[in-house]
Amino acid sequence: MQQQRDAFVANLGKIYGIYTGGFLAFVIFLAILEQLGVPNYILGYLFVFLTLAVYAGIGILSRTTQISEYYVAGRRVPAVYNGMATAADWMSAASFIGMAGSLYLLGYDGLAFVLGWTGGYVLVATLIAPYLRKFGAYTVPDFLAARYGGNFARLIGVIILFSCSMVYLMGQLKGTGVIASRLLGIPVEYGVFVGLVGILVCSMLGGMRAVTWTQVAQYIVLIVAYLIPVTILSAQRTGVPVPQIMYGQVLQRITELETQYGITKHHVAPFVNEDPLNFFALVLCLMIGTAALPHVIMRFFTTPSVREARTSVGWALFFIFLLYFTAPAYAAFAKLEIFENVIGKAVDSLESIQQLPAWVFIYGKVGLVTICGQKAVDPQTVLQACQQAGITALAFDPKVFSIDRDVVVISMPEVAGLPYVIAGLVAAGGLAAALSTADGLLLAMANALSHDIYYKMIDPSASTARRLVVARGLLFFVAALAAYLTITAPAHILAYVSWAFSLAAAGLFPALVLGVMWKNANTPGAIAGMIGGFGVTLFYIVATNTGWMQPWFGVRNISAALFGLPVSFILTWAVSKMTTPPPREIQEFVEQLRIPRGPVLMEEARREG
Amino acid sequence: MASPAQMEEYWRKTRNLLVTTLVLWFVFGFVIHAFAKVLNQITFLGFPLGFYMAAQGSLIAFVLIIFWYAHRQNRIDQEFGVAED
C-alpha cells in the first residue's frame, strides 16, 4: 500500500500529463461529434457526466481508511501539485464566471478583486502556512486549541469557520446548479442535486486525499477552459494569440470609443465607480480574508515539509495568477465587442435589430441580456420594447442595454463564432471551479465537526474506524444541509458570499498571527479578540445591510473587517497585557513552531508518524 | 539544537525578512495603486501603466515575492541548522 502510494506520487507528472492529453482528446472527439450533427444537448450531457465521472473515479481510487490520509492526505502532496489543488480550491464559480463580468462593469475599480484575491497569498506564505504546517494541525481550530489552551478557543474557531464557510458553500452549490441547468436543460434545483452528488462522491471515501487529487484534475479542466476561448478571440481580432498582452491595444480602442460616445467614466480610469477608501478597504479585507479562510489554510497542511509549504504558496498563487491576469482581457474584449457591434446601432426597425450579433438573443432568451428594459428574447420583442420606451438607438446605459455579469465569460465562444463544443468546454470549466471550491469548503466544515467537535470534545476515546464513519456521516449531513439551504434560500443570498472574507479576516487572522508572532498572546486575549473582531464585523454587516445604521465613513459593508480587524488586534493585545502571560509550556511551544526542524507538534499526529 | 542566543539571532533574521517581505507586499498591494491616475499617463506594452500594475504588474510581483521569501527563509534555516533534513 505504502509502496503503491509512493509510486503514485513519483509518477504524478506522467499521470496528469496523460490526463490532460486525454481531456483534450475528449474535447476534440466532441468537436467531431458536433460536426457529424450530434445535437447540442447530447454534447452538454457528455460534458457534465464524463467530467463528473472522472472526478468521481479519482475520488473512489483515493479512498482511505487512515486518519492522517483522510484529514491531511498523508502529508505527501508535492508543492507544485498542492499549488494546483489550492488554486482550484480557491477559484470559485465567482472567479471563473463572475469576475470578468465585474471588471467589465467596473473597469479599473473592479481590479480591487484581482488584487485582493492574489495579494493575500503573500500573507499566507509569510504568516500562516509554514507555522501551521509545523504544528501539524488537522484543522484550523486544532491550532487555536493548542495555542490558546483548550476547547473554548476551539469552539469559537469552529463557529467562525462555520459561519464563513456555509454561505460560501451555498454559493458554490448554486453555481453548479446554474451551470448544470444550462448545460442539461433541467431546473436549477436538480442542477444543485447533480452538483451535490459530484461533490460527495469525490470527498466522502477519501477525504482530503481524494479532494486533493480531484482538485488537481479540476484545475487542469478549468484553466484549459478559461484560456482557450479568449486566446482564439485574441488571435482573430489582433492576430496574436496572447490575450493577456494584446488587450492593451483593445483598451486604447475602448478609450477612443468612450470619448466618441461621450462616456466620461473611462474603463481604465481609477476611482470613478468607487472612492479610493472603499477600493483599498476592499483590497485589504479580501487579502486578509484569504489568509484566514480555513478551506485555503488547510490545504497547506498536506505538504511533506515546512519548506514545501512555503514554496507551495508560491505555486498556488502562480496557478491562480494564470486565470486572474486573463480575466481583465475577457472584460476588455467583451467591452470592445459591445462598443463596436451593439452600442450606437439603430433599434427602430426589425431589419436593423436583426443585424445585432446573435449572442445578444441567445443570452437574451435566458434573461441575461436586456434591451430597452425587456429581456432580448427575439428582434420582435426588442422592437416593441424600444418603441414603447421611445429609444431609437442603443446607448451605453444600463436602462437601454445591459448584460448580466456572467455573460462576459459564457458568451465568449459565440462572440468569437466558435462551435458549441467550446461553449460546453467553458461550462465544464465553470463546473470544475464550483465543484473544487465546494469540495474544499465541505471538507473544512465536516472536518471541524468530526475532528474538533466529535473527537476532541465529545468522544476522545473513539476508535479510528469509528472516527472515519462519523467523519463521513457528518460530511453527508453538511452537504445535504447546504443543498437544502441553497434551494430554499432567497436569491440574493449569493451577495452574502463576499462577507465571508471580512468575517474570516476579523475573526481568525489576529488570533492565528499573534499566536505565532507574539509569545505573550494568551487565552483570554485571543478569545476576546476573536469574539470582539467577529462581533463588530457581523454587527456592522447586519446593521448597515438592514439600513438600521448609516455606514461609518461611507465604508461599504463588504469591507466590514476594516473595523473588525483593529478591534480584534487591540483586544487581543490589551487583554493579554492585563491578564497573566501564557505558561512556560506555551512559550516553548511557540519557539518550536518557529523552527522548521523537528517533528510536528500535534500529539496525535506525532503518534501516527 | 542551537543555543538560546543563536535561536534569538535566528528569529531576529527571520523577522527582518518577514518585515521586508511585508513592506514589499504593502508597496505592490497598496502604495503604487494610490498613484494610479498619475501612472496611467505612462504607456507600457500598450497599457496605461496604472491599470497594468493593478491588472498584472502587482500580481507578478506577488508571485515573485513569495518565491523570493521562501528561498531566503530556507537559506536562513540552513544557516542556523534548523532546516528539515
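The structure is a predicted model. Chain A has 28 helices and three strands, and it is divided into domain 1 (2-333 + 419-608) and domain 2 (334-415). The largest nonpolar core has 245 residues.

**Overall shape of chain A**

- For 609 residues, a compact globule would have a radius of gyration near 25 Å, and the 25 Å of chain A agrees with this.
- Taken along the principal axes, the C-alpha atoms of chain A fill a box of roughly 80 × 55 × 45 Å.
- Of the 609 residues of chain A, 57% count as buried.
- Among contacts in chain A with a separation of 6 or more, 81% join residues 24 or more positions apart.

**The two domains of chain A**

- The C-alpha centres of domain 1 of chain A and domain 2 of chain A lie 35 Å apart.
- Their contact takes 24 residues from domain 1 of chain A and 17 residues from domain 2 of chain A.
- On the domain 1 side, helix 6 (93-106), helix 11 (207-238), helix 12, helix 16 (327-341) and helix 22 of chain A each supply at least two residues.
- Helix 6 of chain A gives the largest share of that side, seven residues.
- By class, the side of domain 1 of chain A that touches domain 2 of chain A has 19 nonpolar, four polar and one charged residues.

**The largest nonpolar core**

- Within this core of 245 residues, those with the most contacts are A:Leu222, A:Ile288, A:Tyr330, A:Leu442 and B:Ile66.
- Helix 22 (residues 420-458) of chain A gives the most to the core, with 21 residues.
- Domain 1 and domain 2 of chain A both give residues to the core, so it lies between them.
- In soluble globular proteins, nonpolar side chains tend to be buried together.

**The contact between chain A and chain B**

- This contact takes 38 residues from chain A and 35 residues from chain B.
- Helix 7 (111-135), helix 12 (243-261), helix 13 (276-290) and helix 15 (306-324) of chain A each supply at least two residues of the side of chain A that touches chain B.
- The largest share of that side comes from helix 15 of chain A, with ten residues.
- The side of chain A that touches chain B has 25 nonpolar, nine polar and four charged residues.
- B:Ile66, one of the core residues with the most contacts, touches A:Tyr121, A:Val122, A:Ala125, A:Val313, A:Gly314 and A:Leu317, not counting residues up to four places away in sequence.

**The sheet of chain A**

- Three strands of chain A form an open sheet in the order 2-1-3, with antiparallel pairing.
- Strand 2 (374-375) and strand 3 (401-403) of chain A are the edge strands, and each pairs on one side only.
- Strand 1 (residues 369-371) of chain A pairs with strand 3 of chain A in the antiparallel sense over three bridges.
- A:Thr370 has A:Ser402, in strand 3 of chain A, as a bridge partner.

**Helix 8 of chain A**

- Eight of the eight residues of helix 8 (residues 140-147) of chain A are buried, so this helix is largely enclosed by the rest of the structure.
- Its buried residues include the charged A:Asp142 and A:Arg147, as well as A:Phe143 and A:Leu144.
- The buried residues of helix 8 of chain A pack against helix 7, helix 9 (151-184), helix 14 (294-297), helix 22, helix 24 (499-517) and helix 27 (584-594) of chain A.
- Just after helix 8 of chain A, A:Gly149 takes a positive phi of about 45°.

- Most residues other than glycine have a negative phi.
- A:Cys372 has a positive phi, near 50°, and is found in the loop between strand 1 and strand 2 of chain A.
- A:Cys372 counts as buried because 21 C-beta neighbours lie inside 10 Å.
- A:Phe553 also has a positive phi, about 55°, and is found in the loop between helix 25 (523-545) and helix 26 (561-578) of chain A.
- A:Phe553 has 10 C-beta neighbours inside 10 Å and therefore counts as exposed.

How values were computed: Residues are numbered from 1 along each chain as its sequence is written. Chains are lettered from A and ligands numbered from 1 in the order in which they are written. This is a predicted model: local features need pLDDT of at least 70, side-chain atom pairs count only at pLDDT 80 or more; totals for chains, interfaces and linings use all residues. Two residues are in contact if their C-beta atoms, placed from the backbone, lie within 7 Å. Helices (H or I, at least four residues) and strands (E, at least two) are DSSP runs, numbered from the N terminus. A nonpolar core is a set of buried Ala, Val, Leu, Ile, Met, Phe, Trp, Tyr and Cys residues joined through C-beta atoms within 7 Å. A residue is buried if 20 or more other C-beta atoms lie within 10 Å of its own, exposed if 12 or fewer, and partly exposed in between; C-beta atoms are placed from the backbone. Domain bounds come from an automatic or database domain assignment. Two strands pair if DSSP finds at least two bridges between them. The radius of gyration is taken over C-alpha atoms; the globule rule is 2.2 Å times the number of residues to the power 0.38.
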